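Please open the model in your viewer and keep the selection tool at hand. The tour below moves from one selection to the next and describes what is found at each stop.

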Amino acid sequence: MNLAPVFRLGAETGTILTMQEQHLQGPPVLSDEHIRSAFRRRGLRFTRQRASIFRALASTTSHPTADELLTFVRDEDPRVSLATIYNTLEVFTDSGLCRRLPGALASSACRYDADTRHHVHLIADNGQIMDVPPELGAELMAHLSSDTVAEIERRLGVKVTRVDLRLIGQIAPNDGGFSS
Ligand SMILES: [Zn+2]
């Protein structure tokens, strides 16, 4: 069994990835043209409101909830409503333009990520979701044993198509770390 495609990070290429790479290196400049072509590739109609919502989501690595996104988007477009944010996120998620992430607790709100590349998340005890640096995420994934996965497939009678690894952690206290 060849696990390489399953564990490969950064599988998605194209304009979105390029925008996200820019984004990781500093404040993104998402022009309407970038957004227009991202929408076109997913068969989505371009509207100013959709563009503001996507721009706000792609401009942060904080994995915002719909509520948090609303506060970002209102800076640009004060008329947008929470219902519109939810509907638009639904459309983005269905078209693969963003990912919906379950909240840290069963009761917490879903969070959204415009980075659709395969990457590892750390879920902190305060509900925050952080991106593990890509090279470290890739290293973790590379250490998963393909023999173990093959054995799981054999015993459960399934074909593993994707591994979604989440780390759960506590935020270090302000005074410099955890005492052990
Ligand atoms: Zn993420």
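**First stop: a strand residue**

The model is predicted, so local features need pLDDT of at least 70 and side-chain atom pairs count only at pLDDT 80 or more, while totals for chains, interfaces and linings use all residues. Residues are numbered from 1 along each chain as its sequence is written.

L167 lies in strand 5, residues 166-169. Helices (H or I, at least four residues) and strands (E, at least two) are DSSP runs, numbered from the N terminus. L167 counts as partly exposed because it has 13 C-beta neighbours inside 10 Å; a residue is buried with 20 or more other C-beta atoms within 10 Å of its own, exposed with 12 or fewer, and partly exposed in between, the C-beta atoms being placed from the backbone. A distance label between L167 and L122 will read 4.5 Å from C-alpha to C-alpha, although 45 residues separate the two in sequence.

**The whole chain**

Now display the complete protein, which has eight helices and five strands. Along the sequence they follow the pattern α-α-α-α-α-α-β-β-β-β-α-α-β. Of the 180 residues, 19% count as buried. Among contacts with a separation of 6 or more, 51% are accounted for by residues 24 or more positions apart.

**The largest nonpolar core**

Next, select I53, F54, L57, L69 and C98. Within the largest nonpolar core, which has 20 residues, these five touch the most other members. Such a core is a set of buried Ala, Val, Leu, Ile, Met, Phe, Trp, Tyr and Cys residues joined through C-beta atoms within 7 Å. At least two residues of this core come from each of helix 3 (32-41), helix 4 (48-58), helix 5 (66-76) and helix 6 (82-95). Helix 4 gives the most, with six residues. In soluble globular proteins, nonpolar side chains tend to be buried together.

Which residues of helix 3 are buried? Select H34, I35, A38 and F39 to see them. They lie on the same side of helix 3 because they cover an arc of only 130° around the axis, the arc being that of the directions from the helix axis to the C-beta atoms. Then select D32, E33 and R40, exposed residues on the face of helix 3 turned away from its buried side. Just after helix 3, G43 takes a positive phi of about 70°.

**Where helix 4 meets helix 6**

Show helix 4 and helix 6 together. They pack at an angle of about 80°, with their axes 10 Å apart; axes are lines fitted to C-alpha atoms, for helices over the stretch in contact, and angles run from 0 to 180 degrees between N-to-C directions. The two helices are therefore roughly perpendicular to each other, a term for angles of 65 to 115 degrees. To see the contact, select Q49, R50, I53 and F54 of helix 4 with T84, I85, T88 and F92 of helix 6. These residues divide into four nonpolar, three polar and one charged. Here Ala, Val, Leu, Ile, Met, Phe, Trp, Tyr, Cys and Pro count as nonpolar, Asp, Glu, Lys and Arg as charged, and the others, Gly among them, as polar.

Stay on helix 6 and select L89, which lies in this helix. L89 is buried, with 22 other C-beta atoms within 10 Å. Its contacts, leaving aside neighbours within four places in sequence, are A66, C98 and Y112. The C-alpha atoms of L89 and F54 are separated by 8.6 Å, and the two residues are 35 residues apart along the chain.

**Last stops: a loop and two helices**

Move to H63, in the loop between helix 4 and helix 5. Is H63 buried or exposed? With 23 C-beta neighbours inside 10 Å, H63 counts as buried. Phi of H63 is near 50°, a positive value in a residue other than glycine.

In helix 5, select E76, which counts as partly exposed with 14 C-beta neighbours inside 10 Å. Finally, select A150 in helix 8, residues 146-156. A150 is partly exposed, with 13 other C-beta atoms within 10 Å, and its C-alpha atom is separated by 8.3 Å from that of V160, 10 residues apart along the chain.

Note on methods:
Two residues are in contact if their C-beta atoms, placed from the backbone, lie within 7 Å. Angles under 35 degrees count as roughly parallel, over 145 as roughly antiparallel, 65 to 115 as roughly perpendicular and the rest as oblique.
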